[in-house]
Amino acid sequence: MNDMAADALAPFPHTAPAGLAPDASGALDLDACIALMRTGSRTFFAASRLLPQRVRASSIALYAFCRVADDMVDSGQHSLGQAMALLSQRLDAVYAGRPQDHVEDRALAIVVQRHALPRALLDALLDGFAWDAEGRRYESLEDVHDYGARVAGSVGAMMCWIMGVRSPQALARACELGVAMQLTNIARDVGEDAHNGRLYLPRRWLAEAGIDADAWLAAPVCTPALQGVIERLLQEADRLYCQSTAGVAMLPRDCRSAILAARYIYAEIGQQLRRDGLDPVNQRAVVPTSRKLVLLACAGVQSGWIGRPGVPAPPLAAIAYLVEHCGGAGDGSDAAGVRSMSQRVEWMLTLFERLEAQKLEQRARGRVAH
C-alpha cells in the first residue's frame with residue numbers, strides 16, 4: 001500500500017458494506033483507485049493532495065468509479081443500452097450495500113454508506129456519459145449547460161456533499177464550478193473532439209459567426225470566426241468561475257484550498273489557450289507545472305481570505321434540478337431549523353475571523369492616519 005493510500009484510507013469506517021473485504025483489501029482497492037486517478041486527471045490528482053484525510057479517500061473512490069463508468073460507455077465494447085443497463089445494475093448493488101466484485105464499486109459503496117450520497121447525482125453523471133455516446137447535438141449555450149451539469153456539475157455537487165455541506169447555495173456554486181470547468185475543457189479540446197466526430201460548441205454561435213457546423217466538423221480548421229466562438233465560451237466559463245468562487249467560503253475550512261486550487265488551475269487553462277492564440281485545433285493548451293505550483297500556493301494563501309457571499313445568486317438553470325434532488329435545507333440548517341454543533345462552531349469561527357480582520361484594518365488605518 002502506498003503512502004497516499006494509507007493516509008487516505010484512515011478516515012474510512014472499519015465496518016464495510018456486505019461483500020466488502022476488511023481493511024487490508026480496502027487499502028488495495030484504494031491503491032487501484034489512486035492509480036486510475038494518476039493516469040486520468042492530473043489537475044484533480046494535484047488538488048486532491050490538498051484535501052483533508054477525511055475527504056480525500058471518498059473523493060478518490062468517487063473519481064475512480066466515474067472514470068471507469070465513462071470508459072465503459074465510451075469504449076464500444078458494449079452497446080449504449082447494454083453499458084447503461086450494466087452501470088445501473090452496479091449502482092443498484094452499491095446502494096443495496098452489496099457491491100459487485102470491482103474495486104471501484106467496493107470503494108464507492110463505502111462512500112455511499114458513509115455520506116448517504118444522493119443516487120440522483122450519479123444517475124445524472126451517467127446520463128451525461130450516455131449523451132456523449134449517442135452523439136447529441138448542442139444547439140444553444142443552454143444545451144451545453146445541460147450537458148456540463150450532468151458530466152461535471154454532478155461531480156461538483158458530490159464533492160460538496162462528501163465534504164459535509166448540504167446548503168443549496170453551496171451545492172449550486174459547486175455545480176456551477178463543475179460546469180465552468182467543463183466549458184474550459186470544451187474550449188481546450190475543440191480540435192481533439194472534432195477528430196472524434198464530436199462538437200460541443202453551441203451550433204447557434206457557430207452559425208452566427210458564419211460557420212456551417214457540419215461542414216466544419218468534416219474538415220476542422222482554425223479561423224478568426226472560430227476563435228471568436230471559443231473566446232465567447234471562455235468568457236462564459238470565466239463568469240461561472242467568478243460566481244462559483246463565493247461557494248468556496250461555504251466549505252469546511254480545511255477543504256477550501258483544494259477546491260480553490262482546482263478552480264484556479266482550470267481557469268488558467270483558458271488563459272493559456274488565449275496565450276496560445278485561441279487555436280485548439282492545432283495544439284492543446286497545457287498549463288506548465290511551474291505555473292500550477294504557483295497557483296497551488298496562491299490557493300493555499302487565498303483560501304483563508306475568501307468572504308462569504310452577500311445576496312445569494314439564483315442557480316444556473318441547468319443545475320437547479322441537481323440541487324433540488326439533494327433536498328438540502330435553505331440555510332444549511334438541519335431539518336428542525338436548528339443549527340448543528342459543527343455549524344455553530346463554524347459560524348463562531350467565521351465571526352471571530354471577521355472581527356479580527358476588522359481590528360487589523362482599523363489598526364492599519366490608525367497607522368496611516370498618524
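How accessible is Arg-239: buried, exposed or partly exposed? I looked it up, and Arg-239 counts as partly exposed at 38% relative accessibility (buried is under 20% relative accessible area, exposed over 50%, partly exposed in between, with a 1.4 Å probe and protein chains only).

Some notes before I go on. This is a predicted model, where local features need pLDDT of at least 70 and side-chain atom pairs count only at pLDDT 80 or more, while totals for chains, interfaces and linings use all residues. Residues are numbered from 1 along each chain as its sequence is written, and side-chain values use heavy atoms, with hydrogens and water left out.

**Salt bridges**

I searched the whole structure and got 22 salt bridges (a side-chain nitrogen of Lys or Arg within 4 Å of a carboxyl oxygen of Asp or Glu). Side chains of opposite charge can pair when their charged atoms come close.

Back to Arg-239: its salt bridge partner is Glu-236, with the closest N and O atoms 2.9 Å apart. Both sit in helix α13, three residues apart, which is about one turn of the helix (helices are DSSP runs of H or I, at least four residues, and strands are runs of E, at least two, numbered from the N terminus). Glu-236 counts as buried, at 10% relative accessibility.

I also noted a network: salt bridges with shared partners join Arg-137, Glu-139, Arg-203 and Asp-214.

Next I checked Arg-232, which meets Glu-208 in a salt bridge at 2.9 Å, N to O. Arg-232 lies in α13 (residues 224-248) and Glu-208 in α11 (residues 203-208), so this pair ties together parts 24 residues apart in sequence. Arg-232 is partly exposed at 37%, and Glu-208 is exposed at 58%.

Then I looked at Arg-106 and Asp-101, whose closest N and O atoms are 2.5 Å apart in their salt bridge. Arg-106 is buried at 11%, but Asp-101 is exposed at 69%.

**Two helices**

How do α4 and α6 pack? I found α4 (residues 53-74) and α6 (residues 103-115) at an angle of about 130°, with axes 9 Å apart (axes are lines fitted to C-alpha atoms over the stretch in contact, and angles run from 0 to 180 degrees between N-to-C directions). The two are therefore oblique to each other (under 35 degrees is roughly parallel, over 145 roughly antiparallel, 65 to 115 roughly perpendicular, and the rest oblique).
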